[in-house]
Each structure stands twice: as C-alpha cells, then as structure tokens.
Amino acid sequence: MTLSVAIIGSGVIGMDLLNKISRSPLLNCSLLVGRNKESIGLKVAANLGIKTDIDGIDAILASPKPFDVVFDATNAPSHAKHCELLRPLDTLLIDLTPSHLGKMIVPTVTGSDVINERNVSLISCGGQASIPILHALSRNFQINDIEVVSTVASKSVGRATRINIDEYVETTQLALRYFTGVENIKAILNISPADPAIIFRVTIFASIVGANIEQVTSITNQAVESVRSFSSGYSLKGVKMSEERVSIFLDVVANSDVLPPYAGNLDIINSAAILVAEQYANYKKKKSEYK
Amino acid sequence: MTIIINDSTMRDGQHAVKHQLTVSQLRNYATAVDKTGLSIIEVGHGNGLGASSYQVGRAALSDEIMMQTVRDCLQNSKMSIFMLPGWGTISDLKKALSCGVDIVRIGTHCTEASVAEQHLGWLRENNVEAHAVLMMSHMALPNQLAKQTELLVSYGAQAVGILDSAGNLLPHEVATRIAAIRSRVNVPLIFHAHNNLGMAVANSIAAVQAGATVIDGCARGFGAGAGNTQLEVLIPVLERLGFKTGINLYNLLDAADIAERELIDTIPTIDSVSIVSGLAGVFSGFKTQVLKHSINEGIDPRDVFFELGRRQAIAGQEDLIIEVVTELKKSLS
C-alpha cells in the first residue's frame, strides 16, 4: 500500500520532494501544483508522467479522492489558507513554510506523533539542524540561554523565504523554546552570496550549567547520528567550550539528485518531511491491516 | 547644496567598546550633539536592533533603554535606528516606534536587498521614514549595486545607499558606485565609510561629488578597528568645498571632545591589523573576535583576515572566525 501524495509549489523544494518521493516505496506522488505553466518544475514533472496543474489549492481540492498527504512548499501566508481548506478532508498537510500553524515536528525528537494531526510544521532548516542536539542537551543539563546562527547560500534561498524572513526567525525561536524549555533564545539567519556557494552551516551557542566537554560532545554525537539516519549530509564539525559557554559547529551537505551540495538547508527539511510522511504511511498501513 | 549628516557615534561606534555604552554616556553625547544642528543621530547595538548576541557581542543595554535614553535628550535632531533582516524583526521595529524613533535604516548584504521587502513595506504602511543601505559594498560591482538599490526603492525606501563596511574602497571606486546608483534611482543617496586605508574622508567627499547627499560619520572616527569617518573633520571639509551642513563648528567640536573624554577608550588608529582587514575586504566589526581567537591559538591575525576575505565572509558571519583560526592552526601543525 502506498499513500497518494501531492505537492504544492514547483520551486526547487518541490522538485527535490518529488525526487525523494519517487525513491520512497511508501509514497506515490500523483500531482504537482505550481503557478506558472512554463516553469521548469512542472515540465520536469510532466515528463516523469506526473499530473501537473497551475490552479493552486483548488487543484488539490478538485481531486475526487482526497490525497493522503499534501506537502506545502509555498509561503507562510498561503499555507494558512491551505490549512483552512484542507482541514475537513482526511489529508495530512506537511508544512515546509515557516508559518508555525501546525504541530511542530522534529523527527528524531517527536517520533511519529504526527498520527493524530492534520497539519504539521517542519519549523525551519535551522530548527531541524539544531533542535535534535539542543533537545538532548536540555534533558541532561540546565541551559540558561541558546543562540542558533544559520548561514545559507544565497542561491538556495527563494523568494518565499526572503519575504518571510521574520517568520523564519520567529518560528525557529518559538520551536527552540518549545523543545528545550529555555526562555532566553535567539535565532539568526545570514544569507551569503559567496561564490563558490557556502555549504549550509549552523552554529549553536549555549550557556550550560555544569557542562563538561566530554559529556556535551557525547550527547551531541548521539543526536547527530540519529539525524544522519535520514539526512546523511548532516555532520558535526566541532565542539568548543570556554567556561560554561558551549559552541557547536555543524554543517549539512545536500545528498540529493536535484539539489546542489551546498543546499543542505533544503535537503535536511525535505528529508525530515519525507520521513514524517513515511512514518504516517507505516501507521496507516498497520491500521488497515488491523481492520 | 545641503548635505545631511548622519551621526553614527552611538551605533557604529559601539563596535569599538564591544557595545558597552552606558546610559550616562549616551545621555552626555546625545545632549551635546543635539545642539550642533546635525540632522540625524543613530543609536543602538553596533549591528542594529535585535543584534545583541554571542555571535556579534552582547550590548550592555537593551535596545529600548538605548532608544529611550537618547530620545529624551533630543530636541532638534531626528533619532534613527538600524536593523538587519535575519537579526531583527518587525516586532523589534514596533518597539522602536514606541520609543519614538524618527527614521529606520534597513541594511542588507550588498547583493541581498530582497530580504528588506517585508520591513520596508511595513515601515511605509506605518508612516515611518524608511532608508535602506547595502553593506560590504566593495563586494559588488557598480551596476549590481544600482540594481539592488532600485529594488530597495521599489520596496518603499525613501533614501538608499552603500556602506563601505570593510574600509576597502578607494575614492574612484566610491565615485563609480554612487554614479551608477544615481543614474538608476531618484531618492537621496547615503554613503558610509570606514578608515582602514585612510580613505574615509576622501571617500565621503568622492561620494558627495558623485551625488550622495546623506553622509555618515562618528566623533573622532569612533568605530571598529581603524574607525569611521571623523565627523568633526568631514563637516568643515564639506563646508570648505561649498556644501552646506547647517552645523555649528564650535558645538560640533565640543561634542567631539565630550565623545573623546566620555565614550572612547582608545581613539581609533590605523594599526597593522586594520590595514590588513581593509585590504582583505573583511567587515571591520570582526576585529575584536579575530584578535581574541588568533591570540588564543597563537595564529597571526593577518592570516586570519586574508583567509576570511578569501572565503568572502559577510557581516554577521563571525562564527566563521573560529573555524578559520582552527583550520589555520591545523595547517601549521
């Protein structure tokens, strides 16, 4: 049994999702919705034999049988509308915009909590890269403050992220606070036009009471390994400590047929989205077998 | 022709004292400079609203306290604040409005103007005077800068311009950049210099002669590394060239003396590391952290600056310093 899946958004995120879905035994993409008939994304999908449309959310709603899963790769304000319109249907909406409307999901932290939800949020690339580690550290130590600095290559940042840059910062902060219980949180986003493009990097600073570098490194390594199980380009570059301030350096190389290596920001959030959909597929499968 | 002067002493100057200016320091300088006839006074963390952080340094005071303190001292000059999207958000802008800010200047890296669309639009909807500047402007060609400023104007910016954040540009390079922008946009143009190569006043003059009408400076050049354009030099030089500033010379010199006595630990000088930082084209604000990490690891800070330049580090990427220092150390061992 495979789940029927649709994607809204035919930009680079939508194209990478399409590619990742085609490799999944549990998911079958039957519709890609864009805005522009001439867009490369829609043409590529059509060549692969996938139905395409430019009718936005209406194309999704027009499907005679509701999709099991819809990936939303548009922008935060559009997502709010999509969420309202899909609510009555038996469809899981997976949000890749920084709208923070749905339940926040970090696969290695929340597991398959998604089964009772209709709308889940993947937060942001910086959130996916930092929360697994900070959640683990916060369960072992008292943390006084946290700062997460993400640097992304300009070429990997589309218009939707640029006009939603405040939503990116605020949603990342909200999620960091939610998953760690730490009040004093700061998220920062740098966009670098360096040529050759810079690989997505994330630096975490945290004041951790009673921290020692061996313990922090070991907890961090465990969290990194679990993320690598679904996002293989995620890696720890180093851990440094001075007094009780810990600095953790990470980067994410995209391992994707579609994305260039520097676009790890898109790869990690898309990989998380696919994992969430697969966890949901497994749940649906078990449920139908039980019946 | 009248030139509008933007005094950045209490904003960009903060880099020189790790963003530690106190309430009484802000009060003393703001009161003195308000008497000079100077148009715009900037205040805040060196990297702007919402920037206080481990990454670039934590300020002694909150954004609100800084703005409220300076607001209470100003009767003549306008108060301006700076904000970088990705660091501050519209919720910070709302705080600034409630603190009585007159002008908001939104900054982006010189090729990334499109991240300012949200904020410039919001400012104009709320009837706030909105300016926009492109940072690290040596990293883009004149024509690219012109296109980026066109975008900023289309988002609602009422004045646009460029910052030579690394102190890398020479006067003819400033002139071609301003001229290219002048040919594409029809709002007042802003220029902001750093003095790493001793060019801050000369570059500001080149900018004015090419059509810029809003020029930044700091008392005694107060600012990161080699410092900014020295305000009390710039203004009389502009007057001698026939430009009007409306600023009273004696009051200006008095304000600069107060800054020297009460704000400035060490008057900026063009030391060896600052020359290298300018040549390498690295953000001037990196200096403190580059020195700290280089000395800790026994690495030549000049090598660190050249490597950061080679990697095209932009303002805000201070976490790259530790990585570069670590890698240079590895390559030496």
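A salt bridge is counted here where a side-chain nitrogen of Lys or Arg comes within 4 Å of a carboxyl oxygen of Asp or Glu. In this predicted model, the side chains of A:Glu38 and A:Lys43 meet that condition, with an N to O distance of 3.4 Å. A:Glu38 has a relative accessibility of 53% and so counts as exposed, whereas A:Lys43, at 44%, is partly exposed. Over all chains, the count by this rule comes to 34 salt bridges, and a few of them are followed below.

Within chain A, another salt bridge pairs A:Arg23 with A:Asp257, whose closest N and O atoms lie 3.9 Å apart. This pair links distant parts of the chain, as 234 residues separate the two partners. A:Arg23 sits in the loop between α1 (12–22) and β2 (27–33), and A:Asp257 in the loop between β12 (245–252) and α10 (264–290).

B:Arg58 forms a salt bridge with A:Asp145, and here the closest N and O atoms are 3.3 Å apart. The pair crosses between chains, running from the loop between β2 (40–43) and α2 (63–73) of chain B, where B:Arg58 is found, to strand β8 (residues 142–153) of chain A, which holds A:Asp145. Are these two partners buried or exposed? B:Arg58 counts as partly exposed, at 34% relative accessibility. A:Asp145 has a relative accessibility of 6% and therefore counts as buried, the limit being under 20%.

B:Ile270, B:Ile275, B:Leu279 and B:Phe306 make a nonpolar surface patch of about 350 Å². Of these residues, B:Phe306 belongs to helix α12 (residues 301–310) of chain B. With a relative accessibility of 44%, B:Phe306 is classed as partly exposed.

A contrasting setting is that of B:Ala159, in strand β6 (residues 159–163) of chain B. This alanine is buried, because its relative accessibility is 2%, under the 20% limit. Which residues does B:Ala159 touch, leaving aside its neighbours within four places in sequence? The contacts are with B:Ala130, B:His131, B:Ala132, B:Val187, B:Pro188 and B:Ile190. For B:Ile190, the separation from B:Ala159 is 31 residues in sequence and 6.9 Å in space, taken from C-alpha to C-alpha.

A search of the whole structure finds three cavities of 30 Å³ or more. The largest cavity has a volume of about 170 Å³. It is lined by 15 residues, and those closest to its centre are A:Asn190, B:Pro85, B:Thr108, B:His109 and B:Ile314. Two strands give two or more residues to this lining: β9 (184–192) of chain A and β4 (103–109) of chain B.

Some details of the backbone complete the picture. Most residues other than glycine have a negative phi, and most peptide bonds are trans. The peptide bond from A:Asp195 to A:Pro196, however, is cis, with omega near 5°. A:Pro196 lies in the loop between β9 and β10 (200–209) of chain A.

In chain B, two residues other than glycine have a positive phi: B:Lys18, with a value near 50°, and B:His19, with a value near 65°. The loop between β1 (4–10) and α1 (23–34) of chain B is the place of B:Lys18, and B:His19 also lies in the loop between β1 and α1. How accessible is each of them, buried or exposed? B:Lys18 is exposed, with a relative accessible area of 52%, whereas B:His19 counts as buried at 3% relative accessibility.

Definitions and conventions
Residues numbered from 1 in each chain as written. Chains lettered and ligands numbered in written order. Predicted model: local features only at pLDDT ≥ 70, side-chain atom pairs only at ≥ 80, totals over all residues. Heavy atoms only, no water. Helix = DSSP H or I, 4+ residues; strand = E, 2+ residues; numbered from the N terminus. Buried < 20%, exposed > 50% of the residue type's maximum accessible area, 1.4 Å probe, protein only. Contact = heavy atoms within 4.5 Å. Patch = residues over 30% accessible without salt bridge, like charges linked within 9 Å, V, L, I, M, F, W, Y side chains within 5 Å. Areas by Shrake-Rupley, 256 points an atom, 1.4 Å probe, with all protein chains shown as cover. 1 Å grid on protein atoms, 1.4 Å probe; cavity = no way out; pocket = protein on both sides within 12 Å on 5 of 7 lines; lining within 4 Å. Points joined across faces, edges and corners; volume = space filled by probe spheres on them.
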